[in-house]
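Open the model in your viewer and keep the selection tool at hand. The tour goes through a few strands and then some charged side chains.

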Amino acid sequence: MVFIGVMGVWEAMKNFFKVVDIDTVLAHRRVFPVVDVERLPLASAVGRLLAENITAGLDIPGFARSTMDGYAVPAAATFGATESNPGYLNVVGSVAMGAQPGSRIGAGEAVRIATGGMLPPGADAVMMIEHTEAIDDHTIEVYKSVAPGQHVVAQGEDIARGATLLFRGQPIRPPEAGLLAALGCEMVPVFRKPRIGILSTGDEVVPIEAIPGPGQIRDVNSTTLAAMTTAAGGASKTYGIVKDNADVLKETCAQALAENDMVLVSGGSSVGMRDFTIEAFEAQPDAELMVHGVSISPGKPTILARSGSKPLWGIPGHVTSAMVVFKILVQPFIAYLGGLDDRFRRGFTVPCRLARNLPSAQGRVDFVRVRLVNRDGDITAEPLLGKSGLIHTMVKADGLVRIEAPVEGLDKGDLVAVEII
């Protein structure tokens with residue numbers, strides 16, 4: 001009996017160590033559909049992802065307009081004007097803001113105009129008021145020539161009618177919101193935020209309001225993963241702590257799947273007799289285990305499965321491992337489910353020098369927590385070494401240094417790209 005038990009554990013460990021690389025995991029995104037679409041008022045759409053291309057239905061601006069206070073003029077009428085040899089123009093009226101000019105101006109004529117005013121027919125430039133002097137109510141001297149189009153925004157110069165300006169899967173930032181306002185888009189088609197169900201597992205885990213007893217820890221992961229989900233553009237729902245009970249975990253996973261687009265289970269992804277994550281995943285309808293083990297550190301014991309069209313993740317229980325796995329693997333899945341187009345993916349890195357030597361094991365990608373230190377104007381990456389259960393290292397970290405699988409390590413002074421977290 002002892003021999004059979006040992007062989008059973010050995011078989012589990014063999015299966016566990018059939019790890020895959022990061023790219024293989026991320027390629028599984030294409031198996032899953034993006035979320036559906038909703039229409040929101042423009043003010044509520046900032047921070048969301050567009051669900052349709054946006055094409056301009058009009059020119060912006062819809063008329064040639066002045067960018068300066070001064071006089072709308074035919075540019076040719078000012079050619080050759082200097083301070084020593086000024087030109088003279090007849091002022092034949094003014095353009096009221098928000099009004100259409102009354103008549104065409106001819107050669108040698110000018111019209112008073114304010115910034116933003118509509119150029120009258122016959123004018124193709126604006127003479128700044130600083131370069132003129134009024135002789136009387138109807139005549140001005142001009143001391144400088146202007147070129148056609150100077151101090152003018154042409155009709156359609158900002159946006160041309162018929163141009164596709166924004167694209168499906170593009171984030172709506174304040175500039176995009178302003179553009180949508182200029183186009184008169186009161187309601188905006190956006191992708192719904194992906195709903196992410198979050199479970200923590202383990203007999204040793206207690207709620208944050210509880211005082212941990214001997215051998216117990218507070219449930220840090222539910223809060224951390226929910227916060228990271230929000231930052232990634234998702235909407236989280238937590239399902240509390242599931243003790244090491246296979247039936248309860250199966251039921252809670254089923255409930256979370258029914259109510260969400262993705263499910264994250266933290267803890268229960270290591271090899272052990274009391275870890276039931278895989279069993280719970282495989283018990284779901286139309287289930288498939290896609291990944292069990294990824295060649296990264298921290299976070300090697302990561303599980304990815306699917307139930308129908310929804311992904312399920314088994315994330316390591318150690319908080320640092322959970323956060324690294326989320327950033328490197330889960331966050332791209334949330335972005336994809338949420339409709340983000342790859343051309344709008346933004347990764348922020350800071351190039352800097354490494355403050356000390358960093359060893360690494362070949363065959364896996366290591367993610368090392370670092371903080372950025374300004375030393376006499378030079379930014380250096382200072383590693384924050386520590387076990388994967390130490391959350392203070394993530395609190396102090398500004399980013400991660402990635403050491404690729406074939407590399408044995410990095411040397412002090414090496415140039416590295418820090419992925420900001």
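Two strands count as a pair if DSSP finds at least two bridges between them. Keep in mind that this is a predicted model.

**Stop 1: strand β20**

Select residues 303–307, which make up strand β20. Is this strand enclosed or open? Five of its five residues are buried, so β20 is largely enclosed by the rest of the structure. Buried here means under 20% relative accessible area.

Now show the side chains. In a regular strand, side chains alternate between the two faces of the sheet. On one side of β20 are I303, A305 and S307, and on the other are L304 and R306. Both faces are covered, and these residues are all buried.

**Stop 2: the neighbours of β20**

Next, select residues 310–315, strand β21. This strand runs antiparallel to β20, and five bridges join the two. Which residue of β21 is the bridge partner of R306? It is P311.

Follow the chain from β20 into β21. These strands form a hairpin with two residues between them. Pick G308 in the turn: G308 has a positive phi of about 65 degrees.

**Stop 3: salt bridges**

Side chains of opposite charge can pair when their charged atoms come close. How many salt bridges does the structure hold? There are 15, and three of them can be visited by selecting the residues below.

- Select E382 and R375. Their side chains meet in a salt bridge of 2.9 Å, N to O. E382 counts as buried because its relative accessibility is 18%, whereas R375 is partly exposed, with a relative accessible area of 39%.
- Select D341 and R343. In this salt bridge the closest N and O atoms are 3.3 Å apart. D341 has 25% relative accessibility, so it counts as partly exposed.
- Select R402 and E404. The side chains meet in a salt bridge of 2.9 Å, N to O. R402 is partly exposed at 32% relative accessibility, and E404 is also partly exposed, with a relative accessible area of 36%.

Note on methods
Residues numbered from 1 in each chain as written. Predicted model: local features only at pLDDT ≥ 70, side-chain atom pairs only at ≥ 80, totals over all residues. Heavy atoms only, no water. Salt bridge = Lys/Arg side-chain N within 4 Å of Asp/Glu carboxyl O. Buried < 20%, exposed > 50% of the residue type's maximum accessible area, 1.4 Å probe, protein only. Helix = DSSP H or I, 4+ residues; strand = E, 2+ residues; numbered from the N terminus.
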